Amino acid sequence: MTDVHRTVDAIWKMESARIVAALTRMVRDVGAAEELAQDALVAALEQWPQSGVPDNPGAWLTTVAKRRAVDHIRRDRRSAEHGRALAHDLAERRRTDDAVGGPEYDLGAAEPASEQDDVLRLMFVSCHPVLPTEARVALTLRLLGGLTASEIARAFLTVEPLIARRIATAKRTLAEERVPFELPDGAELAERLSSVLEVVYLIFNEGYSATVGEDLMRPGLCLEALRLGRLLAESVPDEAEVHGLVALMEIQASRTAARTGPAGEPVPLHAQNRGRWDALLIRRGFAAMLRARTVGTPGRPGPYVLQAAIAVCHAQARTAEETDWVRIAGLYAALARLLPTAVVRLNQAVAVGMAHGPAAGLALVDALTSDPALRDYHLLPGVRGDLLLRLGRGEEARREFERAALLTKNAAERAFLTRRAEAIPIGDASTRTFGEAIDAFLAQDRLAPATARSYGQTLWRLRLSLGVGLPLASLTPDQIAGAFRVSWGGVAAATWNRHRSAVRAFGAWTDTPGLDAAVPQRTPEHRPAPMPVPPGTGWPGDAEAPLRERTLWTLLRESGATVAAVLALNVQDLDLAERRARRADRQADRRSDRRRAWITWRSGTAALLPELLDGRTRGPVFLADRRPGPARAGTLGAEDVCPQTGRGRLSYERAEFLCKSATGHSLRRLRDWAEDADES
């Protein structure tokens, strides 16, 4: 990349939001506005290397983009009067331009009010509730942050096509729903503002505590969230919650340098060197907090103002010992009344444990262990381990740290939790643990691969719920029953009974019968026969479904193979030229009819498969959305993981969920319908 290209990239990130916002006001279509802005960027990349970067690059880009917009309006045969007015406006500007060198424009001056309002409108549009949360985040970073799809994908450790698809779908949804490019007012403003604040804070949190990957933090996302928050605070200066969010992010960001050690390992808040906290960011956070209190309603702080007040308490303490934990516990109690989520109550338990002793905190944490919302949240066992360790219950604390390490998807946190577990001495090393028994049970040669995979799904989930280090002799039916309720409380009777059968088989093999005694057998409910799938139904009824789902449904429909057989297909077993694939299950090779060893398909699948594979040469054909975490990885063999992407095989359960969500029918029902349609 040349110096000019780097300059263009940097300028674009600063100016893109303002340009896209101005164009959206002109063409009333976010997707079209971004395409027009991209045309201006391409023009800069083509012309600036020869002509040099203009003195006013932002104005240059704006002028070119608006000219493209006028052409777009004319081509689309918009109102002649509207087009003439815009053309006249640009003609006036062009009189002061030097060729395309841009009008006189002071980049250091404040934005005109209309342009700032346009950016605010764009923020509200990109965070519109009609979009799912993931799409709001991606679209906000794309339109307001100027990040490319590949940059967003790298930031969230996912694949670029997925981010590009989310952005494209979001823009199409906004156009189809005719979301107006205007600021809401009254009650709608409060509702929409909460959506905007949620998206900004989600971006910040992903940068501050990365959920996946090798690094604990992604500072670029933190900086982008801070920029968006400050812009929002300038645009809506009378909203206390906006200033509260800015204060919270400023103070949390001030700890960035102290949050990791020399090897990138996490440093807990109480152990951080407070001399490394950024004093400027703290002062900015205090100023934002004062502004929130000035414009807010006395005695009625919102959730972001309360969280900012907690951050202020930490920042005001010169040492960890001087922290006013009693006040923090009181603030968390107020926050829990306002926002009674499981995560807030877990944070409240931490504060209570510091203010009133570990026993009081542990009582609150134990009340949360049955909450399904925290089933896979690694901080629940992590907090519980801390409190148990302070109470002198080292063996139990060790098991909780091990469980937390299995649950987290972040490598730095996993290593930190593993070290904490290993630092606690093992009591009796000869005692057989639950985790060791599971490994030995699943390693039996007598278990068929499909049976081992099914049992493994059950036992690995119980292992996450109960801990790998739990002595097998101390495992009780009540513990199993509690884990069942949290893990599978809402599943169908057949699924519940399947997991119960796995526990019964495990108990018989380990000479601990009766482990399933407290888990009742469920009787399947009588359900009316599903309505016939109407002819012509695709997946999930339109051509805009994700490529993976379209390919899966088309292959099921054209091949007539079982769902399990199709999901078990591997790339290396495909014969694309002959439109067939060798079955992955070994039983097919032992059948007398050798033709049954192959799955064949027709033209629909033949057109979709190459695009789905995207150059992959080995691994599962149908992949999950992301790389498996430690818990899921333990149930996967080498053949179930793609060596190029690291993503695991799409599970039957996930495929079934996607199918029912999209069509209201099971995969098997859609496949049976396809066979019926073919026979008729």
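# Reading a predicted model, feature by feature

Reader: Where in the chain is Ser209 found?

Author: Ser209 lies in the loop between H9 and strand S1 (212-213). Please keep in mind throughout that this is a predicted model.

Reader: Is Ser209 buried, partly exposed or exposed?

Author: Such a question is settled by relative accessible area: under 20% is buried and over 50% is exposed. Ser209 has a relative accessible area of 32%, so this residue is partly exposed.

Reader: How far apart are Ser209 and Pro266, in sequence and in space?

Author: In sequence, 57 residues separate Ser209 from Pro266, while their C-alpha atoms are 9.9 Å apart in space. For the chain as a whole, take the contacts between residues at least 6 apart in sequence: 65% of them join residues at least 24 apart.

Reader: How many helices and strands does the chain have, and what share of its residues counts as buried?

Author: There are 29 helices and 5 strands in the chain. Of its 680 residues, 49% count as buried.

Reader: How should I read a pair of aromatic rings, for instance Tyr201 and Phe204?

Author: Two values are needed, the distance between ring centres and the angle between ring planes; an angle under 30 degrees counts as stacked and one over 60 as edge-to-face. The structure holds 9 aromatic pairs. In one of them, Tyr201 and Phe204 are 6.2 Å apart centre to centre with 10° between the planes, and the pair is stacked. Both residues belong to helix H9 (residues 186-208), and because they are 3 residues apart there, about one helical turn separates them. Tyr201 and Phe204 are both buried.

Reader: Which kind of pair do Phe484 and Trp496 form, and which parts of the chain does that pair tie together?

Author: Phe484 and Trp496 form an edge-to-face pair, 5.2 Å centre to centre and with 80° between the planes. Phe484 is in helix H22 (residues 477-488) and Trp496 is in helix H23 (residues 493-509), so the pair ties together parts that are 12 residues apart in sequence. Phe484 is buried, with a relative accessible area of 1%, and Trp496 counts as buried at 4% relative accessibility.

Reader: Which residues form an aromatic cluster, and over which rings do the charged ends of Arg255 and Arg580 sit?

Author: One aromatic cluster is made up of Phe434, Phe441, Tyr455, Phe506 and Trp509. As for the charges, the charged end of Arg255 sits over the ring of Trp277, 5.7 Å from its centre. That of Arg580 sits over the ring of Trp598, 3.7 Å from its centre.

Reader: How many residues of H18 are buried?

Author: H18 is mostly covered, with 12 of its 14 residues buried. Among them are Arg398, Glu400 and Phe401. Helix H18 (residues 394-407) reaches 20 Å from its first C-alpha to its last, close to the 20 Å expected at 1.5 Å a residue.

Reader: Which residues touch the most other members of the largest nonpolar core?

Author: That core has 103 residues, and those touching the most other members are Leu23, Leu61, Leu122, Ile203, Phe204, Leu232 and Met249. Apart from this core lies another, of 26 residues, which include Leu547 and Trp601.

Reader: What is the phi of Arg178, and what is that of Asp511?

Author: Most residues other than glycine have a negative phi. Arg178, however, has a positive phi near 55°, and Asp511 has a positive phi of about 60°. Arg178 lies in the loop between helix H8 (160-176) and H9 and is exposed, at 73% relative accessibility. Asp511 is in the loop between H23 and helix H24 (547-559) and is also exposed, with a relative accessible area of 67%.

Key
Residues are numbered from 1 along each chain as its sequence is written. This is a predicted model: local features need pLDDT of at least 70, side-chain atom pairs count only at pLDDT 80 or more; totals for chains, interfaces and linings use all residues. Side-chain values use heavy atoms; hydrogens and water are left out. Rings of Phe, Tyr and Trp (its six-membered ring) pair if their centres lie within 6.5 Å; planes under 30 degrees apart count as stacked, over 60 as edge-to-face and the rest as tilted. Helices (H or I, at least four residues) and strands (E, at least two) are DSSP runs, numbered from the N terminus. Buried means under 20% relative accessible area, exposed over 50%, partly exposed in between (1.4 Å probe, protein chains only). A charge sits over a ring if NZ of Lys or CZ of Arg is within 6 Å of the ring centre and within 35 degrees of the ring normal. The expected span of a helix is 1.5 Å times one less than its number of residues. A nonpolar core is a set of buried Ala, Val, Leu, Ile, Met, Phe, Trp, Tyr and Cys residues joined through side-chain atoms within 4.5 Å. Contact means heavy atoms within 4.5 Å.
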